[in-house]
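This report covers helix packing, chain contact, domain layout and confidence in turn. Please keep the structure in view while reading.

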Amino acid sequence: MSCLTVKDLKVGYDGHAVAEGISFQVNAGDYLCIVGENGSGKSTLIRTLLHLQEPISGEILYGEDLKRGEIGYLPQQTVVQRDFPASVREIVLSGCLPHIGIRPFYGKAEKELAAENMERMGITPLANRCYRDLSGGQQQRVLLARALCATKKCLLLDEPVAGLDPKVTAELYELIERLNKEGVTILMISHDVGGILSYCSHVLHIGKKVYFGTKEEYLNSSAGKAFLAVQEGGRD
Amino acid sequence: MWDTLLFYLAHAFVWKALIVGVLIALCSSLLGVTLVLKRFSFIGDGLSHVAFGAMAIASVMKLTNQMVLILPVTVLCAVLLLRTGQNAKIKGDAAIAMISVGALAFGYLIMNVFSASANISGDVCSTLFGSFSILTLTDAEVWLCVALSASVILIFIVFYHKIFAVTFDETFAKATGIQTGAYQLLIAVVIALIIVLAMNLVGSLLISALVIFPALSAMRLFYQFKSVTIASAILSVTCAVAGMLISILKGTPVGSTIVAVDVAVFAACCLLGWCQRRLGR
């Protein structure tokens, strides 16, 4: 069943298009990877999908079981967070905020949800530690746990492995794959094409030519071959 | 020394000043953490200059209750500053600098041109650096201050978790359907309230100190949002009381004495924090 359908979307700022002609469909349980060169509009697309900005034209349709605001989001780290005095528990709990509505404080249900997601991400022993003292990989797990508190169905990850070393990167990919197997739909932006192509089920390529299809189709397409060649070349 | 202190404490005006001082210190410290972390420290500074300008106009108009003018003008400017920060035609800090120096200049100009007072520079100096007006508060002013601080504290407690989420990660909060714009507005209004309140205690140039120092001191020693907030409230109240008592005993200016105590405590917290980390590792 389709949970997110995008039709001929044009995204950009102040009426100036950054990327256009984007159409794709995400079904529940998919693992979609969004690739493209720097400046091709990946982040703008993400911001539009999350309703942080309005699309210039085109449609974003949500399936019956996915309401607007039910996409959990793993943003890139901001400067503010780097020296924020907050414990892991406080941050994970803040993901439950949409559930409490106008109530001023978290109830038992929210605290249990937070504890459950900390356990799922293996960060329960860190619960009282300060966020800024954690390693990059641990910080990403904290933010993942927070995103999981906000949603059970769909996660949108913006460059989750940026700045992590290869071992931690692999661990994080495995963690995300496990979540996907548990039924969470994953949408992920990454530069690390080689790494993600082994995990994802579908690929959306953004650039002058927009390509959408399953991973196998993409690897055999001209867009995919050209992009991978450039990426491989860049790595040498 | 104790005798002098007891002599002063026998007077009602000293108690009024202490109560108002404690309340203002408590309120100003609450949002300090948010302001420091959001890189908004200068908003406090800018708004205090706006409050100065408004006060100049109010005194020229010979309003008996100057709050009637100062409060709405400052709140309006707080809202404008946060809005421009988002639209980014003129960047946030430039907008703050514009509004703050503009208000300062106009305030001084108006006071000079229209004031009938014989001692203009004295008036200006006392609005900028605080005066002994805290020792001559009327009952009505004390009650207004109590009411305003009570509402600031209440708002802070009720919206504590929302303020945390918006401060820590505005994008995430917005993506999950939280009305971040509304909470930004709320924060702006509360800051404006605090500034207008604090102007009585330390004068408009020194308000930022009251807002940032306790938060920065607490951040040296604690690593959770809740403990940082509580510690900064305690530090702020302690410094305010200590500063006021010293100023009563030694006859020093109230505002600058409080700020001096704040600075000293910050230095002490830095040292303690350094020792703490040394011992911890």
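Helix 2 (residues 12–30) of chain B packs against helix 13 of chain B at an angle of about 150°, and their axes lie 8 Å apart. Angles over 145 degrees count as roughly antiparallel. Helix 2 of chain B is therefore roughly antiparallel to helix 13 of chain B. Their crossing is right-handed. On helix 2 of chain B, the contact residues are B:Val14, B:Ala17, B:Leu18, B:Gly21, B:Val22, B:Ala25, B:Leu26, B:Ser28, B:Ser29 and B:Leu30. Helix 13 of chain B answers with B:Thr229, B:Ser232, B:Ala233, B:Ser236, B:Val237, B:Ala240, B:Val241, B:Met244 and B:Ile248. By class, this contact of helix 2 with helix 13 of chain B has 13 nonpolar and six polar residues, and no charged ones.

This is a predicted model. The model scores are ipTM 0.84 and pTM 0.84.

Helix 6 (residues 136–150) and helix 7 (residues 166–181) of chain A pack at an angle of about 20°, with axes 10 Å apart. That angle makes helix 6 of chain A roughly parallel to helix 7 of chain A. The crossing of helix 6 of chain A with helix 7 of chain A is right-handed. Helix 6 of chain A contributes A:Gly136, A:Gly137 and A:Gln140, while helix 7 of chain A contributes A:Val168, A:Glu171 and A:Leu172. Sorted by class, the contact of helix 6 with helix 7 of chain A has two nonpolar, three polar and one charged residues.

| Helix 2 and helix 13 of chain B | about 150° | 8 Å | 13 nonpolar, six polar, no charged |

Next comes the contact between the chains. Chain B puts 23 residues into it, and chain A puts in 23 residues. On the side of chain B that touches chain A, helix 9 (160–168), helix 10 (170–175) and helix 13 (225–250) of chain B each supply at least two residues. That side of chain B has 14 nonpolar, five polar and four charged residues.

How is chain A divided into domains? The domain assignment gives domain 1 (1–70 + 154–236) and domain 2 (78–150). The C-alpha centres of these two domains of chain A are 25 Å apart. Contact between them involves eight residues of domain 1 of chain A and five residues of domain 2 of chain A. On the domain 1 side, helix 7 of chain A gives the most, with three residues. The residues on that side of domain 1 of chain A comprise five nonpolar, two polar and one charged.

Chain A averages a pLDDT of 82, and 94% of its residues score at least 70. Within chain A, the lowest confidence falls in helix 10 (residues 222–235) of chain A, at a mean of 67, and the highest in helix 3 (residues 88–94) of chain A, at 92. Chain B averages a pLDDT of 83, with 91% of the residues scoring at least 70.

Notes
Residues numbered from 1 in each chain as written. Chains lettered and ligands numbered in written order. Predicted model: local features only at pLDDT ≥ 70, side-chain atom pairs only at ≥ 80, totals over all residues. Axes fitted to C-alpha atoms, helices over the stretch in contact; angles between N-to-C directions. Helix = DSSP H or I, 4+ residues; strand = E, 2+ residues; numbered from the N terminus. Parallel < 35°, antiparallel > 145°, perpendicular 65-115°, else oblique. Left-handed = near helix turned anticlockwise from the far one by under 90°. Contact = placed C-beta atoms within 7 Å. Nonpolar A, V, L, I, M, F, W, Y, C, P; charged D, E, K, R; others polar. Domains from an automatic or database assignment. pLDDT = per-residue confidence, 0-100.
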